[in-house]
Amino acid sequence: RLSPVCSYIENHYADPLDAAVLAELLHVSESRFHHLFKENMGIAPGQYINKVRLHKALLLLRTGKYPLSEVFLMTVKFLKSIDIFNEIVYYMAVNEK
């Protein structure tokens with residue numbers, strides 16, 4: 001049931017993502033959307049979006065084609081600071097080995 005939302009997030013992760021838009025994809029209210037998402041995915045929509053963005057960032061960093069600042073702008077520019085981004089990418093890289 002959430003596949004349209006997950007696909008949308010995968011394809012628009014670099015854009016600002018609004019819960020109202022995601023809820024509309026399922027033709028439900030925002031509060032119902034939050035409930036359905038958490039019930040089915042085990043995490044809140046915002047957490048899932050950040051996880052997708054960080055995963056994309058890690059993939060881009062591994063290619064070696066882009067500097068960290070460019071990957072930041074391409075994927076997770078909505079985080080509060082690049083320092084948070086650096087910490088999270090480092091944590092993910094270390095724990096994924």
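I started with aromatic pairs, taking rings of Phe, Tyr and Trp (its six-membered ring) as paired if their centres lie within 6.5 Å, with planes under 30 degrees apart called stacked, over 60 edge-to-face and the rest tilted. By this rule I found two aromatic pairs. Phe33 and Phe37 make a tilted one, 5.7 Å centre to centre with 55 degrees between the planes. These two sit four residues apart in helix α3 (residues 30-41), so about one helical turn separates them.

This is a predicted model, so local features need pLDDT of at least 70 and side-chain atom pairs pLDDT 80 or more, while totals for chains, interfaces and linings use all residues. Residues are numbered from 1 along each chain as its sequence is written, and side-chain values use heavy atoms, leaving out hydrogens and water.

Next I checked burial (buried is under 20% relative accessible area, exposed over 50%, partly exposed in between; 1.4 Å probe, protein chains only). Phe37 is buried at 0% relative accessibility. Phe37 also pairs edge-to-face with Tyr48, at 5.4 Å centre to centre and 65 degrees between the planes. Phe37 is in α3 and Tyr48 in α4, so this pair ties together parts 11 residues apart in sequence. Tyr48 is buried too, at 13%.

Then I turned to the helices, which are DSSP runs (H or I, at least four residues) numbered from the N terminus. I noted that α4 (residues 45-63) meets α5 (residues 68-75) through contacts (heavy atoms within 4.5 Å). Among the residues involved are Leu60 and Leu61 in α4 and Val71 and Met74 in α5.
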